[in-house]
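Hi,

Here is the structure I promised to pass on to you. Have a look at it first, then read my notes below.

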Amino acid sequence: MPPVIQAEQLTRRFGDVTAVNQVSLDVQAGSLFGLLGPNGSGKTTMIRMLTGQIRPTSGSARVLGMDVAAEPVAVREKVGIIPEQESPPSFLTAEEYLSFVAKVRRLDEGEERAGWWFDFLEFEEKRDVLCKDLSRGTRQKLMFAQAFLHRPVLALIDEPLINFDPVMQQKVKEYLREYVRDGGTIFISTHILEIAEEICTDVAILHLGNLVHAGPVAGILAGKKHLTGFFLEAVGKGADA
Amino acid sequence: MRDLFVAMMKEEWRVHSTMFGSVSFALFPVLIAAIARMGSVLLPYLADTIPGGLIGFLVHAMFLLMGAMVGGFGLLGREVMNRRFGQASLLAYSSRTLPLSDRRIFAAFVAKDTVYYLLLWVFPFLAGLALGTPLSGLPPSFVGLAALSLTLAFLTGLSTVFLLSTLYAHSVKLLAAVMGAGVLLAILLTGVGGMNPQFLFPPYALFRGWSVPLFLLSLGIITLFSAVSIQYLTAEFPDREKRFANRFGPLAGQLRGFRYAPLMAKDVLDLWRSGGLVGQTLFSFLLPMGIIWITLSVLGRIMPQAQILVTFAGVAGVIAATMYTWLTEFDTLGAYTFLPLGTADLIRSKFASFLLLQPITAVSVGGLAILTGNPGAALPATVLALSVAVYACGVMIFLTGLWPAVMVYSVRVFAASLLFTGPVLLGLIALSSVSLIYAFLSVFLFLPALLLIRLSFRRWETWERAFL
């Protein structure tokens, strides 16, 4: 089975700065893949390229068999995306926003699915609140719901748990594991290593835009190392290089 | 306090120069002065058709409004910037992170707004007025008095908004009670007490007739409002969460004939709930149109009424094209990049929403034709206004994509926009002035408009994915 994500020598420059430098990686179906790296390592740029939000300076990426640069809208039709910073539109209520997403994605059962998410993420009482008045945590819940509303086979999430309280973090982690068990694929970007160690099956480490490691988490842990120690070592290597 | 004031002044400058570009923004006071100088020169001619008292009142009302808008923008600045730049904050909102009290920060904020906008708007306007005196023949004493009364009018608007926001922060009921009491007092004083209504707006009364008590009253009101705002400031706002029943579904249903019904329904709700539909229609469309109509009316003695109407319709079309910016100011492209929508979809949907707003243009132009006793000109004038609006919108989309409010401050874009629309507009106005029937030729502008919009898809898709 071909990988669901294939990046080939993916590079992105912003002026003189090379945010991502010739990164090649494969993500297999059914994995919970963690893209790790310190602040400014190129994680968000990588996700934005993989979802067609920005075009690579050179190199290519295929997602679900489609060339992202050539067919960005078709890719976004199939995948779910939670960006790091973007918020839902200010002047729609939470319920209206999910209704908007359902209509844009042409979902027949949008209302029922939205109802399930309000219930699951425990923010039913915020249904009729304008998005601009929601707390960060609730906005994150809403963004989570919109990303999974169409039941995508692949979801790309930038910092998935950063605004959730510990109880909600646990619930969401369990959801992600179950999603992968059911055949879905998750690609997350995070710098919280404990989360990656707990839920990821595979990780890649970016440092200063370069890929310094890619492989299964089990392999790292089998070497009797914690992911944190391994990460620091890898980043140190990257820095030396 | 002094350091905070200086930092806030710098911050305000950077907000504006980031939005509009340093040079463009630095030239803004010069532009204000030039417009004021032109107005000053035209004043004797305007005074022939419009009573001098009315002109004076309108200018004072404009300064009052300007003060209120500055105050309002200051208080809503974070939200405005968040819409435009994503995450943003200001020193004024940092009381929880700086070792300074809310009151102290707010006092510096009031001082900053006062000084900054006096320098940016009020003083350049007064300088322009003064520079026009050799041609207008206005005595220096008149300019001196206008300088004082207009400054006081501006500060009255500013301090009133600060007071109202402080009251609102305590309780909406308190705000309603104070406003109700104010209206009641005004009715009692003018209706029962027989007071001249101009004294309700002391800066204007001062302009009409200088007196020390009126000057002290104007100053006293500003001082009182500012002092109460600072003294009773609270950072806790009531009713922070706004709740609404689901209007999106029914609205999208009503628009289901359109390909981009969900996006259009969102645009309508954005405009409506932000207060933008009423506010923008009033201040960005009807107010400029009113000013243009008054200015054109001055030419009534040398131009036939129908010709004035045609000129007005053409200019109204250009102003109507700016409705496209109303629709784009709520969105950053990022809010759509995780949905299966391309740049072309967004441009098409915004253009469809723009068309949805055009009854405002049609009613304004057609209505004015009928009200001014030219019912026969209503249809050609309306067709001309709508065609120019669609064409100018097409030009704007081609030149600025989904970023009109930012890109329009680029000198290159501004010049290209003038080149695209200027000759076409002048040609159509000239032709329609010969015979109103030629106004119908303007419908052919739909073709280049649609072509420009089509060309803009690839142009902006490439730009956005390369630079964002």
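Across all chains there are 16 salt bridges, where a salt bridge is a side-chain nitrogen of Lys or Arg within 4 Å of a carboxyl oxygen of Asp or Glu. Before I go through some of them: this is a predicted model, so to speak of local features we need pLDDT of at least 70, side-chain atom pairs count only at pLDDT 80 or more, and totals for chains, interfaces and linings use all residues. Residues are numbered from 1 along each chain as its sequence is written, chains are lettered from A and ligands numbered from 1 in the order in which they are written, and side-chain values use heavy atoms, with hydrogens and water left out.

Helices here are DSSP runs of H or I with at least four residues, strands are runs of E with at least two, and both are numbered from the N terminus. B:Asp267 is buried, at 2% relative accessible area, and B:Lys350 is buried with 2% as well. Buried means under 20% relative accessible area, exposed means over 50%, and partly exposed is in between (1.4 Å probe, protein chains only).

Helix α16 of chain B also holds B:Arg348 and B:Asp345, three residues apart, so about one helical turn separates them. Their side chains meet in a salt bridge too, at 4.0 Å from N to O. B:Arg348 is partly exposed at 28% relative accessibility, while B:Asp345 is buried at 15%.

Over in chain A, A:Glu124 has a salt bridge with A:Arg127, with 2.8 Å between the closest N and O atoms. Here A:Glu124 is partly exposed at 38% and A:Arg127 is buried at 18%. Chain A also has a network of salt bridges that links A:Lys173, A:Glu174, A:Arg177, A:Arg181 and A:Glu198.

Now for the nonpolar side chains. In soluble globular proteins, nonpolar side chains tend to be buried together. A nonpolar core is a set of buried Ala, Val, Leu, Ile, Met, Phe, Trp, Tyr and Cys residues joined through side-chain atoms within 4.5 Å. Which residues touch the most other members of the largest one? They are A:Met46, A:Phe100, A:Phe144, A:Phe148, A:Leu176, A:Ile186 and A:Phe187, out of 156 residues in that core. Its largest share, 16 residues, is given by helix α18 (residues 375-400) of chain B. Another core lies apart from it, with 37 residues, including B:Leu4, B:Phe63, B:Trp121 and B:Leu126.

A:Met46 is worth a click. If you skip its neighbours within four places in sequence, its contacts (heavy atoms within 4.5 Å) are A:Ala7, A:Leu10, A:Val20, A:Val23, A:Leu25, A:Leu35 and A:Leu206.

B:Ala252, in helix α11 (residues 248-254) of chain B, is buried at 4%. Beyond its neighbours within four places in sequence, B:Ala252 is in contact with A:Lys103, B:Ala261, B:Pro262 and B:Ala265. From B:Ala252 to B:Met264 is 12 residues in sequence and 7.6 Å in space, C-alpha to C-alpha.

Last, the layout of chain A. Its secondary structure comes to nine helices and 10 strands, and 55% of its 241 residues count as buried. Four strands make an open sheet in the order β2-β1-β4-β5, with antiparallel pairing; two strands pair if DSSP finds at least two bridges between them. The edges are β2 (17-27) and β5 (66-67), each with a single partner strand, so one side of each has no neighbour in the sheet. Strand β4 (residues 58-63) of chain A runs antiparallel to β5(A), and two bridges join them. On these strands, A:Arg62 stands opposite A:Asp67 in β5(A).
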